[in-house]
Every structure is written in structure tokens, then in C-alpha cells.
Amino acid sequence: MISFIIFFFFAAVAVIFAAMVVLHRNPVVGALSLVASFFALAVMYVLLEAPFLAALQVIVYAGAIMVLFLFVIMLLNLQHQAEPHTRPVQQFLGYTSSAAFGLALIYYLAKFGVTKLPEGVFVADARTVGIRMFEAYIFPFEMVSILLLAAIVGALILSGRTGISSTQGSPSASVPSTKMPPATPASTHSEEVR
Amino acid sequence: MIPTHWFLILSAILFTIGVCGVLTRRNGITIFMCIELMVNAVNLTFVAYARQFHQIHGLIFVFFIMAIAAAEAAVGLAIFISLFHHRHTIDVDEANLMRW
């Protein structure tokens, strides 16, 4: 009984703050509402007996990704730029088509979704997930790590103000002697690019 | 214990809000946040079905989706910073260099 109350309260929180992301015109308010919505989703993961993923949701999404969003919003100083209003035809078509899509989705979920409760206990703590991940999913895990490295390099190249050619000639000048020890070829390359 | 289809319906509502935001807003970063909202709705579906069928693969997929969303956020925000440097706006209607 208490879990139903928790479910409905946090479902309402998630939906209201998600709607705030769409409806509010200030992107900082939108980002903070999205953080609140992600916290409510972490509560949903706890209710679904996945506490490890709830912790990951709070740490990775609410802690890392949304802080990145907030940094970029404040770096670009977007508050002083009023967002122009959307064209009425785009607004009308967007709202009606997404409402139709959502109603169809909920209708088919209510009609064909699974309704019986799962039997037995489902253990999904960090130990179980970790053992399965490092046995069966070790290759995708390594692929994801390479993807993250590529994303870091891509973000550095895309957001750098100076071009590659300006630092190409003098690599020694562009590598300041900061905390990096005598670097491996890969890290010197990324420093050069930046 | 809460039935699975309630979580699925909540996930459908969140996904629809995300679709609505992508279709009606013009601020690039807001559109990006709505994409994150849709990714989270799909994550909720994965976790709900993982509990329903006692499959731990769904949780591992959610882990990978979170890592990929982090990479996507890094690259996408870098693209918006670059766009802001060139156009001094992040209105996606202004980014029409490759339209015609």
C-alpha cells in the first residue's frame, strides 16, 4: 500500500517536472526541472528493485550530464536571449501529433501490455549486475570505453576556438608543463589539437 | 508490488512529453534536454521489463544507454557551443547552412 502511494507521488513529480522542461522558456529552469524529474525516476528504479541503477541514475544523469548542460547554458549566457516564439502551425502540429502519438501508445499498452505480476524475487544489486556485465558483456563494455574516449576527443575538437593549423607548427608551445607527466603519444596529440 | 504496465504507461507519458518538446521548441539545448527525457523513458521501460521477466540483461542495457547518453551529451553540447560561436544564437531554425 505504501509503495503505491510512493509510486503515484513520484510519478506525478516526474511528469510535472518533465512538462516544465517543455513549457518553461528559461533553459536554466528547464535543466533544474529535468534534474528533479531524474530524481523521481531514480525512485522508480528503487521501486523496480534495481537500487544499483537508481544510484547510477543519480550519479551519472543528475550529477554529471545535467551539470554539463547547466555549465553550457551558463557559458553561453542564454538568459538574455529571449527564445523566439514558434510558428503557430508548428505549435499546433507538434502538440496534436504528439498527443495522438501518446494516446495511441497508452491505448496499446493498456490493451496488450503484461498485467500479471512477476513471481519470485528478482535480485539486481551491484554484485549481480557486475558479475553478468564482466562475464557476458565484456566486449561491449570495452567498446563503450573507446566510444567515451572518442567523444572526449570529438568534444575537444568541436568546441575549440582555434583551428588545428594554428598549433600544428609548434607543439612544444601548446603543451604547457602542467600536471601531465611526459606524455604518451595519444595524449600529446590531443593536447596539440586543443 | 506495483504492476508492470503502470510503469510502462508512465514511461509512455514521459516519452510523449519529450516528443512534444522536440517538435515544438526552437532552443537547441531545450531540444537536447527533451531527447534526454526520451532516453530516460526508454530506460524505465527496460528496467520494468527486466523485473517482469527476471532478466538482468535489461539492466545492463540501461547501463550502456547511460554511457552512450553521456557521450552524446558531450558531443552535442560541443556542437552547440561551436554553433553559438559561428551564429551567435542556438535557435535551430538559424542553423540552415546545409538546408538547400
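Two residues are in contact if their C-beta atoms, placed from the backbone, lie within 7 Å. The structure is a predicted model, in which local features need pLDDT of at least 70 and side-chain atom pairs count only at pLDDT 80 or more, while totals for chains, interfaces and linings use all residues. Residues are numbered from 1 along each chain as its sequence is written, and chains are lettered from A in the order in which they are written.

Begin by selecting chain B and chain A together: 62 residues of chain B are in contact with 73 residues of chain A. On the chain B side, H3(B) gives the most, with 22 residues. Helices here are DSSP runs (H or I, at least four residues), numbered from the N terminus.

Next, select residues 28-53 and 57-87 of chain B, which are helices H2 and H3; their axes come within 10 Å and cross at roughly 175°. Axes are lines fitted to C-alpha atoms over the stretch in contact, and angles run from 0 to 180 degrees between N-to-C directions. H2(B) is therefore roughly antiparallel to H3(B) (angles over 145 degrees). Among the residues making this contact are Phe32(B) and Val39(B) of H2(B), and Ile65(B) and Phe80(B) of H3(B).

Finally, select Tyr45(A). Not counting residues up to four places away in sequence, Tyr45(A) touches Ala50(A), Leu53(A), Ala54(A) and Gln57(A), and also Val47(B).

Definitions and conventions. Helices (H or I, at least four residues) and strands (E, at least two) are DSSP runs, numbered from the N terminus. Angles under 35 degrees count as roughly parallel, over 145 as roughly antiparallel, 65 to 115 as roughly perpendicular and the rest as oblique.
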